[in-house]
Amino acid sequence: MDDKTESLLKRLAQGDQRALSRLITYVDNDHPDCLEALASLDHSQSMSKLIGITGPPGAGKSTLTDQLISSFRHQKLNVGVIAIDPSSPFTGGAVLGDRIRMQRHAADDGVFIRSLGSHGSHGGLSNATRDVVALMKAFGLEKSSPFDVIIVETVGVGQTELDIMSLVDTTVVVLVPESGDTVQTMKAGLMEIADIFVVNKSDRTGADHIFGELKVLSHIAATEDWEIPVHKVVASQGKGLEDLLNSLEIHQKTLEKTSSENSEKKNQVLRQQVLSILTHQIEKRVLEKGFEITEGENPYAVVKRLLSEMNK
Ligand SMILES: Nc1nc2c(ncn2[C@@H]2O[C@H](COP(=O)(O)OP(=O)(O)OP(=O)(O)O)[C@@H](O)[C@H]2O)c(=O)[nH]1
Ligand SMILES: [Mg+2]
């Protein structure tokens with residue numbers, strides 16, 4: 001690790017947002033010091049609460065995130081935001097849109113917002129997000145100015161989002177009155193990923209219908225500890241926010257209460273993280289060294305050769 005990286009890490013721990021920004025760029029560009037830098041972080045003192053906001057494109061996730069930032073700032077909490085746009089080559093404007101929607105917080109020292117697109121994140125978006133979350137959790141720990149809340153906004157409810165949402169404590173799935181089909185086709189997936197449902201754009205007709213459907217689903221899937229609450233929200237007007245904030249708090253408390261039962265799940269998430277970091281590192285090493293492959297060669301034989309070369 002060179003001196004520059006070391007000094008960036010020191011400044012990160014002291015709560016320097018520019019250092020955090022630089023280190024996120026390191027991660028985005030797969031800087032050679034990344035692994036060592038991330039491995040040196042100590043998260044044992046981190047108290048950051050991690051909230052995931054996910055849902056279909058245009059559901060109002062950024063508008064909601066913006067409102068949540070305001071509420072948390074009222075409580076004098078520091079907030080870090082990662083806005084993920086998996087399709088940035090096509091919707092580059094969306095990243096910009098996120099920025100604009102949350103722009104009013106840009107000058108606030110207690111808020112840090114960063115967008116991540118698939119461009120630049122070599123190991124895929126869930127790898128990049130995990131790395132950025134790791135950096136954000138270590139931010140400001142020495143100066144007692146850490147992020148009290150870290151919000152991860154991501155589009156969709158597929159496998160990548162599942163991986164990303166395994167990083168957070170509480171996942172809010174944002175749907176809209178037009179999401180009826182999504183609810184029907186993705187029932188199981190939705191119930192697996194969601195800790196809280198938001199029916200946003202409840203100023204539109206059809207909100208009651210989807211609200212009712214989600215209520216039934218979460219009632220069926222309810223456990224002793226948790227029944228997924230469903231909230232009608234109008235993010236653009238800040239309506240319904242208090243109930244949502246209340247649910248977020250109750251969910252955090254439930255997690256604390258059931259933390260011993262959750263330790264197995266946490267372990268599983270950790271193991272999964274180790275495996276994906278390892279995969280990424282091996283791939284990186286192989287690519288750095290380069291490898292020969294002749295036309296029509298058996299790809300399994302190539303991998304066998306590469307692995308035995310690695311063992312030497
Ligand atoms: N009518 C209505 N419109 C809303 C509401 N919340 C957000 N919008 C609008 O919906 C549009 C999309 O909002 P965003 O917050 O960018 O949605 P998003 O889910 O972050 O979008 P992507 O990140 O591009 O997937 C914007 O034009 C918002 O003004 C709402 O409660 N009611
Ligand atoms: Mg958005």
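The expected span of a helix is 1.5 Å times one less than its number of residues. Helices here are DSSP runs of H or I with at least four residues, strands are runs of E with at least two, and both are numbered from the N terminus. Keep those two in mind, everyone, and thanks for coming along.

Before I go on, some housekeeping. This is a predicted model, where local features need pLDDT of at least 70, side-chain atom pairs count only at pLDDT 80 or more, and totals for chains, interfaces and linings use all residues. Residues are numbered from 1 along each chain as its sequence is written, chains are lettered from A and ligands numbered from 1 in the order in which they are written, and side-chain values use heavy atoms, with hydrogens and water left out.

Let's start with helix α6. It has 14 residues, and its first and last C-alpha are 20 Å apart, close to the 20 Å expected at 1.5 Å a residue. How much of α6 is buried? I'm using buried for under 20% relative accessible area, exposed for over 50%, and partly exposed for in between, with a 1.4 Å probe and protein chains only. By that rule 12 of the 14 residues of α6 are buried, so the helix is largely enclosed by the rest of the structure. After α6 comes G140, with a positive phi near 65°.

Now the core. A nonpolar core is a set of buried Ala, Val, Leu, Ile, Met, Phe, Trp, Tyr and Cys residues joined through side-chain atoms within 4.5 Å. The largest one here has 75 residues, and L64 and F197 have the most contacts inside it. Helix α6, residues 125-138, supplies the largest share of this core, at 8 residues. What does L64 touch? Taking contact as heavy atoms within 4.5 Å, and leaving out residues up to four places away in sequence, L64 touches I53, V174, V198, V233, A235, L241 and L244.

Next, please find S70, in helix α4, residues 61-74. S70 counts as buried, at 16% relative accessibility. Its contacts, again not counting residues up to four places away in sequence, are R104 and H105.

On to the rings. Rings of Phe, Tyr and Trp (its six-membered ring) pair if their centres lie within 6.5 Å; planes under 30 degrees apart count as stacked, over 60 as edge-to-face and the rest as tilted. The structure holds 2 aromatic pairs. One is F112 with F147, a tilted pair at 6.3 Å centre to centre with 40° between the planes. F112 lies in strand β3 (residues 111-117) and F147 in the loop between α6 and β4 (149-155), so this pair ties together parts that are 35 residues apart in sequence. In another pair, the rings of F139 and F147 have centres 4.5 Å apart and planes at 10°, so that pair is stacked. Together F112, F139 and F147 form one aromatic cluster. Buried or exposed? F112 is buried at 6% relative accessibility, F147 is buried at 2%, and F139 is buried at 3%.

T5 lies in helix α1, residues 3-13, and is buried with a relative accessible area of 0%. A polar contact is a pair of N or O atoms within 3.5 Å; within protein, one must be able to donate a hydrogen and the other to accept it, and residues adjacent in sequence count only if both atoms are side-chain atoms. The T5 side chain makes one with the side chain of D2, at 2.8 Å. Beyond four places in sequence, T5 touches Y26, H31, D33 and A37.

K76 is not a glycine, yet has a positive phi of about 65°; it sits in the loop between α4 and β2 (79-85) and is exposed, at 70% relative accessible area. K201 is not a glycine either, with a positive phi of about 60°. K201 is in the loop between β6 (196-199) and α9 (207-221) and is partly exposed, at 23%.

Last stop, helix α12, residues 299-311. Its 13 residues should span 18 Å at 1.5 Å a residue, and its end C-alpha atoms are 19 Å apart, which agrees. N298 caps the N-terminal end of α12, with a side-chain oxygen 2.8 Å from the backbone nitrogen of Y300. Thanks, all!
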